[in-house]
Amino acid sequence: MSLLACRLASRLSVLRLNIHTSRVAFSTDADAKVSSIANVATCSTTLTFLTPSSSCCLQHSFKRIGVIGAGQMGLGIALVTANVAKLRVVIMDASSEQLDKGIRFMGRPSEYTHNALAPIDKLLEKDVSKNRLTSDDAAATRSRVTTATSLEAFADVDFVIEAVSENEQLKRNIFSQLDKIAMPETVLATNTSSISITKIAAATTRPEKVIGMHFMNPVPVMQLVEIIPGLATFPSVLAETKALATAMGKICTTSQDVPGFVANRLLMPYINEAIMTLESVSTATQQPSFFPPFVCPSTVLKHFVLPDQGIATREDIDTTMKLGTNVPMGPLTLADFIGLDTCLAIMKVMHNGTGDSKYRPSVLLQKHVDAGWVGKKSGRGFYEY
């Protein structure tokens, strides 16, 4: 064998050894990741939240969490806080009727008492019946949840998550009041899906402790939480907020504080364009100014697009996107589930915040909101429920 051949054979042996070593190392690392993932708690769905192993080093010091708003988002956040993160949580809503409605959705009998336990029976018992959760764990989750109708209940919490409607002034008012009530070290988070964190933080005397924590709907099912630091937010607050979201079984992404952040900056123009596709063609409402004397006007008009007919029907728009792009639901159905009033509010925030005409809300979207047809929650949106 020549000297060159000997050298090639030697290098080939080393290469094989390195490959074998890498496989062993990869296998060991994979086992460690599987072990880490196995320790992550599941929420009240069939999904197991797969959190990157690197996030296991994240830690937070929060013991008691406050949630403002007993709507769908607030209740979902409270559920994963108590059930997955195993933290005590108080749900606050100024409307005892809304709070009672939310509690009854969670399974509590119709009677309401202030600061009473808010058992999450309806959702937890479903998990127990499907062996996703033990009865003891369900009881422990119930015991961690309390209710309130005043912000004063947050005087001793470590972390507050605001989940009210997408209204900038409403949020600023809440944060201004909360700033006077909460402990100086308490972190104030907003679940806004588009409004500037920096603007909300400016309503407080602690902008360095204000952060965006954008959960996806429905909270127990969706794995993502968008974390958005404001201009003044401390890096330590960002790190602890990520740790809290991870403890809730979520996977975090971070966005700069810009209108719409990442999720809605991409999603809402898509939904808005689908609504514009449903709108009437602009020339559809224009009838010919001249009819020949020998032609009946109705004969001419029937060749024009009818005013209530857009580029495609709602079913065709949704089916095209659902089957053509392999998404679970079409954009119009998705808009109904999100809430058309929420979609409109987000589009207005992006349009006003950027000045870009591509974010101009659809006229049809505005009309539906004006009519009170805001989607599934009202019984009618682009579809009837």
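These are my notebook entries on a predicted model.

**Conventions.** Residue numbers start at 1 in each chain, following the sequence as written, and side-chain values use heavy atoms, with hydrogens and water left out. In this predicted model, local features need pLDDT of at least 70 and side-chain atom pairs count only at pLDDT 80 or more, whereas totals for chains, interfaces and linings use all residues.

**Entry 1, the sheet.** I looked up the strand order first. Helices (H or I, at least four residues) and strands (E, at least two) are DSSP runs, numbered from the N terminus. The model has an open sheet of eight strands in the order β3-β2-β1-β4-β5-β6-β7-β8, and the pairing is mixed. Because β3 (145-148) and β8 are at the edges with a single partner strand each, one side of each has no neighbour in the sheet. From one strand to the next the twist averages 25°; axes for such angles are lines fitted to C-alpha atoms, for helices over the stretch in contact, and angles run from 0 to 180 degrees between N-to-C directions. I then checked β5 (residues 187-190) against β6 (residues 210-215): the two run parallel and are joined by three bridges. Strands count as paired if DSSP finds at least two bridges between them. T190 has G212 in β6 as its bridge partner.

Of the 12 residues, 11 are buried, so α2 is largely enclosed by the rest of the structure. Buried means under 20% relative accessible area, exposed over 50%, and partly exposed in between (1.4 Å probe, protein chains only). Among the buried ones are M73, L75, I77, L79 and N83.

I went on to L87, in the loop between α2 and β2 (88-92). L87 has 9% relative accessibility and therefore counts as buried. Leaving aside residues up to four places away in sequence, L87 touches H60, F62, K63, I65, T81, A82, R144 and L244, where contact means heavy atoms within 4.5 Å. R144 is 57 residues from L87 along the chain, with 6.7 Å between their C-alpha atoms.

I found S255 in the loop between β8 (251-254) and α9 (263-278). S255 counts as buried because its relative accessible area is 6%. Its contacts, again not counting residues up to four places away in sequence, are E226, I227, I228, P229, F261 and V262.

The 15 residues of α13 (residues 340-354) should span 21 Å, and the end C-alpha atoms are 21 Å apart, which agrees. I listed its buried residues as L340, C343, L344, A345, I346, M347 and M350. What covers them includes α9, α12 (331-338) and α14 (363-370). G355 follows α13 and has a positive phi, near 75°.

A search of the whole structure gave me two aromatic pairs. In the pair of F337 and Y385, the ring centres are 6.3 Å apart and the planes are at 90°, so the pair is edge-to-face. Rings of Phe, Tyr and Trp (its six-membered ring) pair if their centres lie within 6.5 Å, with planes under 30 degrees apart stacked, over 60 edge-to-face and the rest tilted. F337 is partly exposed at 38% relative accessibility, and Y385 is partly exposed at 40%.

I also noted R380 over the face of W373, 3.6 Å from the ring centre. A charge sits over a ring if NZ of Lys or CZ of Arg is within 6 Å of the ring centre and within 35 degrees of the ring normal.

Notes:
Expected span 1.5 Å × (residues − 1).
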